[in-house]
Amino acid sequence: MEQYETWKEKITPSIDYYENGTPDSLNKGFCCCLDSILKIENWGDEYWGNTELKHRVVFFDEFNSLVEYLHYSPTMDTKRQRIYNFIVDKVFMLAKQIICADADISQISLDFIKEMESRREEKFVFVKNKHIHNKSTKAKEFFSKEKLIIEMKKSNKFICAMDSKKEAI
């Protein structure tokens, strides 16, 4: 929902959230999490039938997390294969262009991209963003919740970045 609000405010006010969407949302743009992507599967045969999507650009934000989630999340256990097939057959194989963005790309994501390259019979372009907007910002790593909370209470400004599938500390 957060990504939807950001896109709607900053990029395009016409974007739809999948729960409110209609087949026309696919022409305007829409935002959806991976667990819910099958809700758009029946929005229109003409869209998925290789006529509309071939003119569309598909943007995957946090691509590495998406691929890892698709492969490893227990919430995907009952629908993993169906969602995987949908993303590959309906999105990656039909879209005019696919943009996958993430600050960290793991081997599983690179392997997924290589598989898509072989299926689409075209090479993907890998672009490394060299701009580091927090380059001069000092960072400190904490290994306990207690120490993190003590430091946060000492300052009126604090950025806490975490990257974990289960628990940050």
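# Helix packing and aromatic pairs in a predicted model

Me: Helix 4 and helix 5 pack against each other; at what angle, and how far apart are their axes?
Reply: Two packed helices are described by the angle between their axes and the distance between the axes. In this predicted model, helix 4 and helix 5 pack at about 140°, and their axes are 9 Å apart.

Me: Which residues make the contact?
Reply: Helix 4 contributes Phe 63, Tyr 69, Leu 70, His 71 and Tyr 72, and helix 5 contributes Arg 80, Ile 83, Tyr 84 and Phe 92. By class, the contact of helix 4 with helix 5 has seven nonpolar residues, one polar and one charged.

Me: How does helix 5 pack with helix 6?
Reply: The angle between helix 5 (residues 80-92) and helix 6 (residues 107-120) is about 45°, with the axes 11 Å apart. That makes helix 5 oblique to helix 6. The crossing of these two helices is right-handed.

Me: Which side chains are involved there, and how do they divide by class?
Reply: From helix 5, Tyr 84, Val 88, Asp 89 and Phe 92 meet Phe 112, Met 116, Arg 119 and Arg 120 of helix 6. The contact of helix 5 with helix 6 comprises five nonpolar and three charged residues, with no polar ones.

Me: Now the aromatic rings. How many aromatic pairs are found in the whole structure?
Reply: A pair of aromatic rings is described by the distance of the centres and the angle of the planes. The search of the whole structure finds five pairs. One of them joins Phe 63 and Phe 112: the ring centres are 6.0 Å apart and the planes stand at 55°, so the pair is tilted.

Me: Where do Phe 63 and Phe 112 lie?
Reply: Phe 63 is in helix 4 (residues 63-72) and Phe 112 is in helix 6, so the pair ties together parts that are 49 residues apart in sequence. Both Phe 63 and Phe 112 are buried.

Me: What is the geometry of Phe 92 with Phe 112?
Reply: The ring centres of Phe 92 and Phe 112 are 5.3 Å apart and the planes are at 80°, so this pair is edge-to-face. It links distant parts of the chain, with Phe 92 in helix 5 and Phe 112 in helix 6, 20 residues apart. Phe 92 is buried, as is Phe 112.

Me: Which residues form the aromatic cluster?
Reply: One aromatic cluster is formed by Phe 60, Phe 63, Tyr 84, Phe 92 and Phe 112. Of these, Phe 63 and Phe 92 also take part in the contact of helix 4 with helix 5, while Phe 92 and Phe 112 take part in that of helix 5 with helix 6.

Me: Is Ser 109 buried or exposed, and what does it contact?
Reply: Ser 109 is placed in helix 6. With 0% relative accessibility, Ser 109 counts as buried. Leaving aside neighbours within four places in sequence, Ser 109 is in contact with Phe 63, Asn 64 and Val 67.

Me: And Glu 115: how far is it from Val 88?
Reply: Glu 115 is also part of helix 6. Its relative accessible area is 31%, and Glu 115 is partly exposed. Glu 115 and Val 88 are 27 residues apart in sequence, and their C-alpha atoms are 9.7 Å apart in space.

Me: Where should I look for positive phi values?
Reply: Most residues other than glycine have a negative phi. Here Glu 62 has a phi near 55°, and Glu 121 has one near 60°. Glu 62 sits in the loop between strand 3 (57-61) and helix 4, and is partly exposed, at 41% relative accessible area. Glu 121 lies in the loop between helix 6 and helix 7 (145-154), and counts as exposed at 71% relative accessibility.

Me: How many helices and strands does the chain have?
Reply: The protein chain has seven helices and four strands. From the N terminus, the order is α-β-α-β-α-β-α-α-β-α-α. Of the 169 residues, 29% are buried. Among contacts with a separation of 6 or more, 58% are between residues 24 or more positions apart.

Key
Residues are numbered from 1 along each chain as its sequence is written. This is a predicted model: local features need pLDDT of at least 70, side-chain atom pairs count only at pLDDT 80 or more; totals for chains, interfaces and linings use all residues. Side-chain values use heavy atoms; hydrogens and water are left out. Axes are lines fitted to C-alpha atoms, for helices over the stretch in contact, and angles run from 0 to 180 degrees between N-to-C directions. Angles under 35 degrees count as roughly parallel, over 145 as roughly antiparallel, 65 to 115 as roughly perpendicular and the rest as oblique. A crossing is left-handed if the near helix is turned anticlockwise from the far one by less than a right angle, and right-handed if clockwise. Contact means heavy atoms within 4.5 Å. Ala, Val, Leu, Ile, Met, Phe, Trp, Tyr, Cys and Pro count as nonpolar, Asp, Glu, Lys and Arg as charged, and the others, Gly among them, as polar. Rings of Phe, Tyr and Trp (its six-membered ring) pair if their centres lie within 6.5 Å; planes under 30 degrees apart count as stacked, over 60 as edge-to-face and the rest as tilted. Buried means under 20% relative accessible area, exposed over 50%, partly exposed in between (1.4 Å probe, protein chains only).
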